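Subject: Structure handover

Dear colleague,

Please find below the structure I said I would pass on to you. My notes on what was found in it follow directly after.

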Amino acid sequence: MLNVEEQKFVETADAVIVGGGVVGLALARSLARSSFGRIVLVERGGLGAEASHAAGGMLAAQAECDRADPFLELACAGRDLYPALSESLLEETGINIELERTGTLYLSFTEEDERETAHRYNWQSGSGLQVERLTGDEARSIEPCVSSEVESALRFPLDWQVENRRLVAALASSAARLGVHLLTGTNVESLLVEHGRVAGVETARGRILAPVVVVAGGAWASSLMTEAESAPAIRVEPVRGQMLCFDARPPLARHVIYSPRGYLVPRMDGRLLAGSTTERAGFDKRVTAAGAHTILTNALEIAPALARLPLVDAWSGLRPKIVDDLPVLGASAQTRGLFYAVGHYRNGILLAPITAELVTEEIMTGVAPPLMKPFTLERFHQAGVR
């Protein structure tokens, strides 16, 4: 939980943001920088205490995309905002979000892995994206910890990483400095809607009246979406991801290292993160023996030397998943003044700054930016989801 002083309850605002994770905080900061007016952010727990705290911080726009499509465009746009964001947050708050630009390796062990990486290399290089193909020996020359079983690898020089907990702290500090009212430990129980237009929110502490409400509640957003939309199939599902943390001093690796089954993320402070699981376990955030075993098995496949490192921490978080694995961004299909920034699933850190920029633009202008249009609720209505 972040050490940002909670502000007193207010009853009116120009905009209410529901959710204080990385997406909600980025959006609050973006709106405040646009001089939108009085902005209140309402968080059910602590700022950045859920999926944002549990994340690995990878900005894997290319490593995790399987095709050239609108999501790849969105992901690359999000990644490309990070250098400027890092500089501005450092200037505003003094917090270094540790944007690490060494790049990402993606390893192949089996014939099936080789086919997958060859396909990824072909379409990405053909699309003009920066990607390098390496032999197993070349991969080991730049990362000696990599297993001798690796046959080949891809290197994505522009897929970076950020220290997600520092990012959340910096966004919260920046938002507070810009005058955003941060209400933590406050559950939003329902939306206030009058004559087809949002009028604010009902919280456990009372009503907050506002003509603009943005739902950015992560895995807890479904109740408000179901309340506002006539498409009950559009819901956010929590998907548990467990993580292990090792003490890797001296450093074991410099790159983020993926295989088709797991990944390693080296931190500047000497920690090495290993992840992750993908489990439908409801809102259960317990770390399990089975989850830890799966992560460890996959991590040791990548780097057998991991076996000598001490395990110092373990945790899990709940990724917010929409049925088609894509985020829902922008205006409600049913309620004027209501907007969404939800369903970022495995890419909340990557997409937070571009989400903030796009949703802010639509709120300010009333027009959905072209980059955002494939991710609006309209895609469900066009497909006949009800």
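Of the 386 residues of the protein chain, 58% count as buried, where buried means under 20% relative accessible area, exposed means over 50%, and partly exposed lies in between (1.4 Å probe, protein chains only). Please keep in mind that this is a predicted model, in which local features need pLDDT of at least 70 and side-chain atom pairs count only at pLDDT 80 or more, while totals for chains, interfaces and linings use all residues. Residues are numbered from 1 along each chain as its sequence is written, and side-chain values use heavy atoms, with hydrogens and water left out.

As to the overall fold, the protein chain holds 11 helices and 19 strands, both taken as DSSP runs numbered from the N terminus (H or I over at least four residues for helices, E over at least two for strands). Its radius of gyration is 21 Å, close to the 21 Å that the globule rule gives for 386 residues, so the chain is as compact as a globular protein of that length; the radius is taken over C-alpha atoms, and the rule is 2.2 Å times the number of residues to the power 0.38. The C-alpha trace spans about 65 × 45 × 40 Å along its principal axes. Among contacts with a separation of 6 or more, 75% come from residues 24 or more positions apart, a contact being heavy atoms within 4.5 Å.

The charges come next. There are 37 positive and 47 negative side chains, and the centres of the two sets lie 3 Å apart; Lys and Arg count as positive and Asp and Glu as negative, with His and the chain ends not counted, and each charge is placed at NZ of Lys, CZ of Arg, CG of Asp or CD of Glu.

Across the whole structure, the search finds 26 salt bridges, each a side-chain nitrogen of Lys or Arg within 4 Å of a carboxyl oxygen of Asp or Glu. One of them joins Arg286 and Asp284 at 2.8 Å, N to O; Arg286 is exposed at 59% relative accessibility, whereas Asp284 is partly exposed at 23%. Salt bridges that share partners also join Glu163, Arg267, Asp269 and Arg271 into one network. Within it, the closest N and O atoms of Arg271 and Asp269 are 2.9 Å apart, and Asp269 is partly exposed at 42%.
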